[in-house]
Amino acid sequence: MEVLQVQVDQLKANQAIGHVPEAQLQWLIDQSEIITVPEGEALFHPGMASDHMFILLEGRIRVWVGDGKNSKELVRLEPGEVTGVLPYSRLASAVANSAALEKVVILQTHKEVFPRMIQECYELTEALVHVMNDRIRNFTTLRQQDEKLVSLGKLSAGLAHELNNPAAALVRSAKELKNNIQYVPDKFKRVMTMRMEPEQVDPINEILFRKIEEGILDLSLMEKTQREDDIRDWLDDHDMDDDDELIENLVDFGFDTDDLDIINETMPDEEGEPVIAWISSTLTSERLVQEINEASTRISDLVKSIKTYTHMDQGQDRQLVDIHEGIKSTATMLKHKFKKYDVQVSKDVDYDLPKIYAYPGELNQIWTNIIDNALDAMEGREKRVLEIHTKMEGPCVKVVIVDSGSGIPSDVLPRIFDPFYTTKSQGKGTGLGLDVVQKIVRHHRGDISVESRPGRTAFTLLLPVE
């Protein structure tokens, strides 16, 4: 790299350290070297030892994490910015990539001079500590935003998946209902032109509305096939249309040959077929209305779960909270993951537990982070069971969430609540989830602990009732 010279006046123009006495700025220059980084080259890369402090004099540097389509730009360093290791910093190695956007000129200072700087240059040290504090604050804010976006992305994906099925069912059923209604006038005309007495209509009405009230039967494949064969034979014996949809409707709503005999015997000669066709059309409409009702109810339940999860219609202050409602709404938000990983739920809960005074939105962050981590841990495992236990323990509600995942290595376990520490790959976690959980538990004056071995990881939470 090309070696250049720098003057004190260049550092006096620096916003971060320009107010430092000139003698200390000169001392810094004397202990440093000026280097250049050509366009496109890296100043640092992930895993590289952080042995130097860098002050950008000219040029810009792009800093990002990840590779390819998963990369995320963190910052663009402009002239005057200070980066790298700083006095009192515990930074050991770089965690991001960098690249010069043009030729960059840098004042580079090795960390071995920091002890002397702390002793001899108080104002300079103080200014650099302020830089470090600002960097930590900005970095923390950025990662917290990432954590929120990751959580929001997970919930959004789940909601989109859960809402898609009932929404598609609504559209499909509404379209089929419209098509079915188009055929009703012709069938209705054939029925209306019959000359029937009330005593002939009543038995048919009684059978039809009784079958509609009983609803669609839950038949085994063998039972359904046998009934379909019986009704098809009956229709053939009476020279009537044996349309597959008609037969399926009659069987699903529990019609049998005895019912058809009653209908046929009640009708005038040759009029049984249009009545049975009209009944089938009515059953089709009833089926589609039921499907529309079930789909719309599912959407309504999801919206209710969202409101419970976010507490969007309630204040943000402490309030009496049923922890089971929060856990249930969280499970609803993550239902797509339970399906994706084929995870079973085992509950041993006491629904008579007292409500606790808490911040409901914060508690839901606890359940989301722990349950989501548990589901990820069970991906690909032969046994995939999530256990939830609740009971009273002294003045606290005790919640234990257990997964059958691979477990947390013993050397990792002491660090899982550390901020920014994560074992997940880039884009899947920020390392703030369990740090947030621990802070929320402390905010509620509670306690959280974890035990782990292969096949069983248990998070235990104690939350005071008062």
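Guide: Happy to! A polar contact is a pair of N or O atoms within 3.5 Å; within protein, one must be able to donate a hydrogen and the other to accept it, and residues adjacent in sequence count only if both atoms are side-chain atoms. This is a predicted model, where local features need pLDDT of at least 70, side-chain atom pairs count only at pLDDT 80 or more, and totals for chains, interfaces and linings use all residues. Residues are numbered from 1 along each chain as its sequence is written, and side-chain values use heavy atoms, with hydrogens and water left out.

Visitor: Which side chain does T284 make a polar contact with?
Guide: The side chain of N249, at 2.6 Å. T284 belongs to helix α9, residues 272-310. Helices (H or I, at least four residues) and strands (E, at least two) are DSSP runs, numbered from the N terminus.

Visitor: Is T284 buried or exposed?
Guide: T284 is buried, because its relative accessibility is 8%. Buried means under 20% relative accessible area, exposed over 50%, and partly exposed in between (1.4 Å probe, protein chains only).

Visitor: And how much of the protein chain is buried?
Guide: Of its 466 residues, 41% count as buried.

Visitor: New topic: how many helices and strands are there?
Guide: The protein chain has 13 helices and 14 strands.

Visitor: In what order do the strands of the open sheet come?
Guide: Four strands line up as β1-β7-β2-β5, with antiparallel pairing. β1 (33-37) and β5 (82-84) are at the edges with a single partner strand each, so one side of each has no neighbour in the sheet. Two strands pair if DSSP finds at least two bridges between them.

Visitor: How many bridges join β2 to β7?
Guide: Six bridges link β2 (residues 52-58) and β7 (residues 104-110). In this pair, L56 sits opposite I106 of β7.

Visitor: What about β13 and β14, how many bridges there?
Guide: Seven, between residues 447-453 and residues 456-464, again antiparallel. I448 faces L461 in β14. Their hairpin has two residues between the strands, and G455 there takes a positive phi near 90°.

Visitor: Which residue has a positive phi although it is not a glycine?
Guide: R445 is one of them, with a phi of about 55°. Most residues other than glycine have a negative phi. R445 lies in the loop between α13 (433-443) and β13, and R445 is exposed, with a relative accessible area of 73%.

Visitor: Where is D342?
Guide: D342 is in the loop between α11 (335-340) and β9 (344-348). Its phi is also positive, near 55°, and at 44% relative accessibility D342 counts as partly exposed.
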